[in-house]
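Please look at the sequence and the 3D structure below before reading on. The briefing then covers the ligand and the aromatic residues.

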Amino acid sequence: MSSKADVIVGIQWGDEGKGRIVDLYAAGYDVIARFGGGDNAGHSIVVGETEVALRIVPSGVLNPAVELFIGGGTVVNPSGLLEEFDRLVALGVDVSRVKLSDRAQLVLPYHAAQDRAAERARGAQALGTTGRGIGPAYIDKVARSGVQAGDLRDPAILREKIRRNLAARAGALAGEEPLSEAEIVEGALQAAERLVPHVVDGVAYIHERLEAGKRVLVEGAQGSLLDVGFGTYPYVTSSHTIAGGACIGLGIGPTAIARVIGVVKAYCTRVGAGPFPSELHGDAAERLRRQGAEFGTVTGRSRRCGWFDAVAGRYAVRLNGLSSAVVTKLDVLSGFERLGIVTGYRLRGQSVGFCAASDPDLEVEIEELPGWAEPIGAVRAISALPAAARRYVERLGELLGVPIELVSVGREREELAR
Ligand code: IMP
C-alpha cells in the first residue's frame, strides 16, 4: 500500500522553529525530506547542553532510525554540506543515511560573490540576503545553466559547466576579488569524491519510498511570507517555500500529500529588509528580541520583532492549505502585561488584505489581550496553561481558522504542551 507525505512549513518569515518541530515529529516517520532553499536556512535543535545548527541536512538527523533526503528543489553548497557532515559525524551521527537528489543545484563560490555584488548594486534597496548565493544559484537553474548534483559524477561535465558559468558572469561580479576557475573546479572535484556516494536518482528515491508505504515527512525551509511568488516580493528568498513547493521540489503530485502542518511563532520576527506590518520598535521589541534570543542562526543579525499578525497568518493558511498549526515560543511572551495581535489592515479607511502589506500608508488594527506573569516551561497540556496564555493560544487558533495541535513552551526538546 502506498503512502502519502505530510508537509511541515513555516507560515511567517522563517525562524518559526521548524527544525525543532521536525526533530520531534521525526520519531513517527521513516524519511525526512527537504524540498527547497539551501544553507540560507538555519535550523537549530537543542539537545541538553548541545545546540545543533543544521543548514541543509534535514532536521530529523538526530533520530538514528530515519532516512534523510535533500530534494531536487534545493540549492546545495558542496563544501558547506561536507562541513555539516563533519560536524554531525563529530557528534556521532551516521551521515551515510543522507541522500542528495541528482536534480539539486550546486551553489558554487561565484554564486556567493554575485549575491554580494548584487546587494551592493541595490544600495538602499538591498534585500538583506544571507549572502550565501541562493538567489544567483536559482537564477542559474531557471536560466538552464546550473550545475546539478548529478554532474558531480562526471569531472569533464563539471569542469566545463563551471568554466562556462564563470565566464558568463564576469560582469556580474563587479567589486569582488577575482575568482580562480582552477580553484573552483578543484574544490568541486574534491567535494565530488565524498558526495557522489550520497547522490541518488531523486525521483526514483522518493517514489519508491512512498510506493513501499514508508512514512515521509517533508520539511520546508524559510517561511511562507518569503516565498518568491507569494511573499513580500521583492523582499523574499528565491524559492517556493509554501507547501506547493514540496511538489515542485520533490517531483511528487499534490495527491501524494496528506497533511500540511504550519509552524507559527507566537509573535512575529523577520531578518533582512522588507514589509513587516506588525513590527514593534522600542522596549517591547527589545524585550521580545532578548527573551526570544532573536538573532539569526546563519548571519547572527538581530531579528526585527513584532506582534502576531493574523492577517499574514490567514493569508499563509490559504497559501499552504494548512491542516493544523503548531505554535512555538509561547514562553517568550511570559511577563508581558498586555499582548497585541494584528487583526486587520486598513488603507485610507478601507479594510485591505495582506497584498497591501508593503504600502507605506498601511495602518494596522491591534487587538489587545491580557498577558500572564507565570513561567510556563513546566506545563505539558494546553488546558493547564495559565488562563491568559490559554486564551491567547485559543485566539490564535480562532484567527487562523485551524486547530492548534501543539505549543512549545521552552527551548528543551520536552518543553511542549499538547
Ligand atoms: P536569501 O535567501 O539569502 O536570498 O535572502 C533573502 C531574504 O530571505 C532575506 O531577507 C533573508 O534574511 C531571508 N531568509 C533567507 N533564509 C532565511 C531563513 O532561513 N530564515 C529567515 N529568513 C531567511
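The points below describe a predicted model.

**Around the ligand**
- The ligand has 15 residues around it, and Asp15, Asn40, Thr130, Thr237 and Arg301 come nearest.
- By class, this shell consists of six nonpolar, seven polar and two charged residues.
- The side chain of Thr130 has an N or O atom 2.6 Å from an oxygen atom of the ligand.
- Gly128 places a backbone N or O atom 3.4 Å from a ligand oxygen atom.
- Gln222 has a polar side-chain atom 3.3 Å from a nitrogen atom of the ligand.
- The ligand exposes 470 Å² when taken alone, and the protein buries 96% of that area.

**Aromatic pairs**
- There are six aromatic pairs in the structure.
- Phe69 and Tyr205 count as stacked because their ring centres are 4.4 Å apart and their planes meet at 20°, with under 30 degrees as the cut-off.
- Phe69 belongs to strand E5 and Tyr205 to helix H7, and the two residues are 136 residues apart.
- Both Phe69 and Tyr205 are buried.
- Trp372 and Tyr392 make a tilted pair, with 6.1 Å between centres and 55° between planes.
- Trp372 is in the loop between strand E18 and helix H11, while Tyr392 is in helix H11, so the pair ties together parts 20 residues apart in sequence.
- Trp372 is buried at 4% relative accessibility, and Tyr392 is buried at 1%.
- Tyr315, Tyr345 and Phe354 form one aromatic cluster.

**Charges over rings**
- Arg209 has its charged end over the ring of Tyr205, 3.8 Å from the ring centre.
- The charged end of Arg287 lies over the ring of Phe336, 4.3 Å from its centre.

Technical notes:
Residues are numbered from 1 along each chain as its sequence is written. This is a predicted model: local features need pLDDT of at least 70, side-chain atom pairs count only at pLDDT 80 or more; totals for chains, interfaces and linings use all residues. Side-chain values use heavy atoms; hydrogens and water are left out. A residue is near a molecule or strand if one of its heavy atoms lies within 4 Å of it. A polar contact is a pair of N or O atoms within 3.5 Å; within protein, one must be able to donate a hydrogen and the other to accept it, and residues adjacent in sequence count only if both atoms are side-chain atoms. Accessible areas come from the Shrake-Rupley method with a 1.4 Å probe; for residues, only the protein chains shown count as cover. Ala, Val, Leu, Ile, Met, Phe, Trp, Tyr, Cys and Pro count as nonpolar, Asp, Glu, Lys and Arg as charged, and the others, Gly among them, as polar. Rings of Phe, Tyr and Trp (its six-membered ring) pair if their centres lie within 6.5 Å; planes under 30 degrees apart count as stacked, over 60 as edge-to-face and the rest as tilted. Helices (H or I, at least four residues) and strands (E, at least two) are DSSP runs, numbered from the N terminus. Buried means under 20% relative accessible area, exposed over 50%, partly exposed in between (1.4 Å probe, protein chains only). A charge sits over a ring if NZ of Lys or CZ of Arg is within 6 Å of the ring centre and within 35 degrees of the ring normal.
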